[in-house]
Amino acid sequence: MPYIHIQISGPADDALAQRTAAAASALTAQILHKDPSLTAVVIDFIEPSRWFVAGRALSQQGARSYHWMVSITDETNTKAEKAAYLRAVHEAMRELLGEVAEHSYVHVADLRASAYGYGGLTQEHRYQRPA
């Protein structure tokens, strides 16, 4: 049941948002073994003049950037899976955006099962009382 929040530098682009959301769901299913039917993806576009790397706006640097945060239940993925996910996300974003700034980030947030959930139930509750 991951929640994925992706911020992309540049003007709003619905077609790019759709392709990015599809890639997010696919990579998260393939590498982190998460159910796509429970995956939520939100994409925001940030003007390059408001995105700074090393104190300089991206609008002055010529590259695009992104911040990709996926929330997952703690202890459901290995370090190797998370490392593979980071590599795959960066490659996918490079394909989607073209040149991307090195300082583009992927954050896998491992959240405690007792403090994370959906539909009013924690993941811990779902684990202990499967449907």
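Does Gln123 count as buried or exposed, and at what relative accessibility? The legends below take up this residue after an overview of the chain.

**Figure 1. Overview of the predicted model.** The model is predicted: local features need pLDDT of at least 70, side-chain atom pairs count only at pLDDT 80 or more, and totals for chains, interfaces and linings use all residues. Residues are numbered from 1 along each chain as its sequence is written, and side-chain values use heavy atoms, with hydrogens and water left out. Three helices and eight strands make up the secondary structure of the protein chain (DSSP runs numbered from the N terminus; helices are H or I with at least four residues, strands E with at least two). Read from the N terminus, the order of elements is β-α-β-β-β-β-α-β-β-β-α. Along the principal axes, the C-alpha atoms fill a box of roughly 55 × 30 × 25 Å. Of the 131 residues, 38% count as buried (under 20% relative accessible area; exposed is over 50%, partly exposed in between; 1.4 Å probe, protein chains only).

**Figure 2. Gln123 in helix α3.** Helix α3 spans residues 123–128 and includes Gln123. The relative accessibility of Gln123 is 16%, so Gln123 counts as buried. Beyond its neighbours within four places in sequence, Gln123 is in contact with Met1, Thr73, Ala113, Tyr116, Gly117 and Tyr118 (contact means heavy atoms within 4.5 Å).

**Figure 3. Helices α1 and α2.** The axes of α1 (residues 14–32) and α2 (residues 79–97) come within 10 Å and cross at roughly 160° (axes are lines fitted to C-alpha atoms, for helices over the stretch in contact; angles run from 0 to 180 degrees between N-to-C directions). The two helices are therefore roughly antiparallel to each other (angles over 145 degrees; under 35 is roughly parallel, 65 to 115 roughly perpendicular, the rest oblique). Residues of α1 in the contact include Leu16, Ala23 and Leu27, and those of α2 include Tyr85, Ala88 and Leu96. By class, the contact has 13 nonpolar, two polar and three charged residues (nonpolar: Ala, Val, Leu, Ile, Met, Phe, Trp, Tyr, Cys and Pro; charged: Asp, Glu, Lys and Arg; polar: the others, Gly among them).

**Figure 4. The aromatic pair.** One aromatic pair is present in the structure (rings of Phe, Tyr and Trp, the last by its six-membered ring, with centres within 6.5 Å). The ring centres of Trp68 and Tyr85 are 6.3 Å apart and the planes stand at 75°, so the pair is edge-to-face (planes over 60 degrees apart; under 30 is stacked, the rest tilted). Trp68 belongs to strand β5 (residues 66–73) and Tyr85 to helix α2, 17 residues apart. Both Trp68 and Tyr85 are buried.
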